[in-house]
Structures are given as C-alpha cells and as structure tokens.
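Here are my notes for someone opening this one for the first time. Have a look at the fold before reading on.

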Amino acid sequence: GDVYKRQIEESGLMVWEKVLVSDITNGARFETYVVEGGAGVVEVNGAAAKLVEEGDRLIIMAFGLFSGEEAEKHRPTVVVVDEENRITGG
C-alpha cells in the first residue's frame with residue numbers, strides 16, 4: 001500500500017535489503033530483509049517471527065559501506081512511527 005511504500009521511501013530502505021532488527025520489548029536481535037506489505041504494516045515473517053510478539057517495539061537498522069570521505073559526510077536517516085506505524089517524525 002501507499003503508506004508502506006512511503007515508510008520504505010522515507011527510511012531510505014529498499015525492498016529485499018538486508019536489515020538488522022532489534023526488538024526493544026524483549027531484547028531479541030536478528031537479521032532479515034525488507035519486503036513490501038500492507039498499508040501501515042510492519043511484520044516479521046518466517047523463522048524470525050518466533051522472536052517477536054504482536055505489539056513489540058522494533059528498531060530496524062540498515063548499514064552501508066563508505067569511504068572515509070563518504071563516512072564523514074554521511075548522516076543517518078531516522079523514521080519514528082506511532083502505534084499505528086504512521087510516520088510521526090525523524
């Protein structure tokens with residue numbers, strides 16, 4: 001849906017990109033990849049789904065490789081969402 005596409009675009013993530021997920025509710029950390037889902041849905045599927053519960057708060061992180069010069073100029077993109085996964089800030 002459009003909301004989910006906006007979340008992906010706003011975050012700078014790409015579909016199929018590998019991400020590190022940290023569940024701040026239970027402390028679990030795991031790697032997975034980005035897929036497009038329904039509007040406003042942030043969902044964990046497959047084996048990783050056993051590590052989270054519905055309603056857990058997640059941090060989703062992506063990393064890049066940079067030259068020294070690129071790293072000095074790089075600033076992370078932060079997207080903050082509410083309980084309905086609507087973008088509220090960054």
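1. The largest pocket holds about 1,700 Å³ of space. A pocket here is found on a 1 Å grid over the protein atoms alone, as an open set of points where a 1.4 Å probe fits, with protein on both sides within 12 Å along at least five of seven lines. The volume is the space filled by probe spheres set on the points, which are joined across faces, edges and corners. Keep in mind that this is a predicted model: local features need pLDDT of at least 70, side-chain atom pairs count only at pLDDT 80 or more, and totals for chains, interfaces and linings use all residues. Residues are numbered from 1 along each chain as its sequence is written, and side-chain values use heavy atoms, with hydrogens and water left out.

2. Who lines that pocket? There are 49 lining residues (those with an atom within 4 Å of a point), and L13, V42, L58, I59 and I60 lie nearest the centre. At least two lining residues come from each of α1 (2-11), β1, β2, β3 and β4 (80-81).

3. Now the overall layout. The protein has 2 helices and 5 strands, in the sequence pattern α-β-β-β-α-β-β. Helices (H or I, at least four residues) and strands (E, at least two) are DSSP runs, numbered from the N terminus. The C-alpha trace spans about 40 × 25 × 20 Å along its principal axes.

4. Which strands make the sheet? It is an open one of 3 strands, ordered β2-β1-β3 with antiparallel pairing; strands count as paired if DSSP finds at least two bridges between them. β2 (29-33) and β3 (58-61) are the edges, each pairing on one side only. On average, neighbouring strands are turned by 30° against each other, direction ignored; the axes are lines fitted to C-alpha atoms, with angles from 0 to 180 degrees between N-to-C directions.

5. Strand β1 (residues 18-23) is joined to β2 by 5 bridges and to β3 by 4. L20 stands opposite E31 in β2 and has M61 as its bridge partner in β3. S22 faces R29 in β2. The hairpin of β1 and β2 has 5 residues between the strands, and G27 there takes a positive phi near 85°.

6. Is β1 mostly covered or open? Mostly covered: 5 of its 6 residues are buried, meaning under 20% relative accessible area with a 1.4 Å probe, protein chains only (exposed is over 50%, partly exposed in between). Across the protein, buried residues make up 22% of the 90.

7. The largest nonpolar core has 9 residues, including V19, V21 and F30. Such a core is a set of buried Ala, Val, Leu, Ile, Met, Phe, Trp, Tyr and Cys residues joined through side-chain atoms within 4.5 Å. Leaving aside residues up to four places away in sequence, V21 touches A28, R29, F30, T32, L58, I59 and I60, where contact means heavy atoms within 4.5 Å.
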